[in-house]
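Welcome! Take a look at the sequence and structure first, then read on.

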Amino acid sequence: MTTSELTLPQDQVPVPAARAPRRRVMGAGKQMHGGPFTYAVLVLLALVSLAPLVWTAIAASRTNTRLAQTPPPLWFGGNLFKNLQTAWDQAGMGTAMFNSTVVAGTITIGTVLFSTLAGFAFAKLKFKFSSTLLLLTIGTMMIPPQLAVVPLYLWMADLHWSNHLQTVILPTLVSAFGTFFMRQYLVQALPTELIEAARVDGASSLRVVWHVVFPAARPAMAVLGLLTFVMAWNDFLWPIIALNQQNPTVQVALNSLGTGYIPDQSVIMAGALLGTLPLLIAFLLFGKQIVGGIMQGAVKG
């Protein structure tokens with residue numbers, strides 16, 4: 001049989017089908033990149049966010065006379081360490097830093113622990129009046145904290161706790177916002193079947209909380225802990241009422257720098273910089289873990 005015998009007639013030769021246009025599908029794990037406009041907006045927002053901190057550092061490195069001149073200084077001077085030392089000595093920042101660390105750390109641990117337990121109870125446990133109690137808890141968030149200052153101070157005075165750190169710590173160990181925040185997170189992140197499986201295996205309530213609830217709630221606990229620590233560290237209204245200059249927190253100690261006929265703005269800015277540095281250091285050390293916890297919770301959700 002020759003090659004010509006194997007040749008098909010012209011009308012029977014198969015015509016290849018037209019290829020469909022290729023669609024670029026982004027594979028899983030492939031990173032998306034923003035355009036120049038996106039990066040420009042992000043850089044602008046970063047500069048705007050950093051501007052107050054940079055200005056605080058610039059003002060802390062100048063003299064009070066130079067800050068009063070026009071135009072104001074736009075670059076660092078040579079008095080930064082001198083002003084930092086002056087603010088440290090005048091405000092007693094050593095004691096204030098220690099007190100703020102104790103107060104903010106204790107409030108953070110208590111708020112995260114109690115809010116997680118209460119949020120788990122509201123999210124997954126069935127008990128009488130749970131909806132009513134949740135509404136009452138949320139309702140306390142609508143009351144301005146200023147209204148509770150006078151009765152709270154009278155209560156602390158009756159306990160003879162004035163000018164003691166427990167006066168600042170105990171009223172804020174439990175947070176209505178933290179309870180609601182953890183409840184909303186655990187409703188979605190913690191499957192009921194996982195709790196039932198632990199119960200079937202004979203786990204006690206404490207073991208369920210430790211081995212099931214806490215691991216599932218870890219991302220939200222990290223976020224709540226960061227927010228609580230920042231709020232407790234920066235709190236001024238209640239500490240300035242409950243404490244004095246002999247046993248202050250950082251914000252109470254900074255209040256003493258503004259006294260005098262002509263307040264030294266450079267020393268005040270140096271004190272503000274000292275009070276901000278621990279928060280910056282904490283975020284630099286634990287920011288990666290906190291952001292990673294947020295992303296982990298988003299993926300699980």
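Which element gives the most to the lining of the largest pocket? That element is H11, with 5 residues. Please keep in mind that this is a predicted model.

**The largest pocket**

- The volume of the largest pocket is about 1,100 Å³.
- Several elements give two or more residues to the lining of this pocket: H5, helix H7 (149–158), helix H9 (176–189), H11 and helix H12 (237–242).
- In total, 29 residues line the largest pocket. Pro145, Pro171, Thr172, Val174 and Ser175 are the ones that lie nearest its centre.
- Sorted by class, the pocket lining has 19 nonpolar residues, 9 polar residues and 1 charged residue.

**The largest cavity**

- The structure holds 1 cavity of 30 Å³ or more, and the largest cavity has a volume of about 50 Å³.
- Its lining is made up of Ser100, Val103, Ala104, Val168, Ala232, Trp233, Asp235, Pro239 and Thr249.
- Two helices, H5 (93–124) and H11 (205–234), each supply at least two residues of the cavity lining.
- H5 provides the largest share of that lining, with 3 residues.
- By class, 6 residues of the cavity lining are nonpolar, 2 are polar and 1 is charged.

**How H5 and H9 pack**

- Two packed helices are described by the angle between their axes and the distance between the axes.
- For H5 and H9, the angle is about 50 degrees and the axes are 7 Å apart.
- Angles of 65 to 115 degrees count as roughly perpendicular and those under 35 as roughly parallel, so H5 and H9 are oblique to each other.
- Their crossing is right-handed.
- On the H5 side, the contact involves Ser115, Thr116, Ala118, Gly119, Phe120, Phe122, Ala123 and Lys124. These residues meet Gly178, Thr179, Met182, Arg183, Leu186 and Val187 in H9.
- The residues of this contact divide into 7 nonpolar, 5 polar and 2 charged.

**Helices to look for again**

- H5 supplies residues to the lining of the largest cavity, gives residues to the lining of the largest pocket and packs with H9.
- H11 likewise supplies at least two residues of the cavity lining, and H11 gives the most to the pocket lining.

How values were computed. Residues numbered from 1 in each chain as written. Predicted model: local features only at pLDDT ≥ 70, side-chain atom pairs only at ≥ 80, totals over all residues. Heavy atoms only, no water. 1 Å grid on protein atoms, 1.4 Å probe; cavity = no way out; pocket = protein on both sides within 12 Å on 5 of 7 lines; lining within 4 Å. Points joined across faces, edges and corners; volume = space filled by probe spheres on them. Helix = DSSP H or I, 4+ residues; strand = E, 2+ residues; numbered from the N terminus. Nonpolar A, V, L, I, M, F, W, Y, C, P; charged D, E, K, R; others polar. Axes fitted to C-alpha atoms, helices over the stretch in contact; angles between N-to-C directions. Parallel < 35°, antiparallel > 145°, perpendicular 65-115°, else oblique. Left-handed = near helix turned anticlockwise from the far one by under 90°. Contact = heavy atoms within 4.5 Å.
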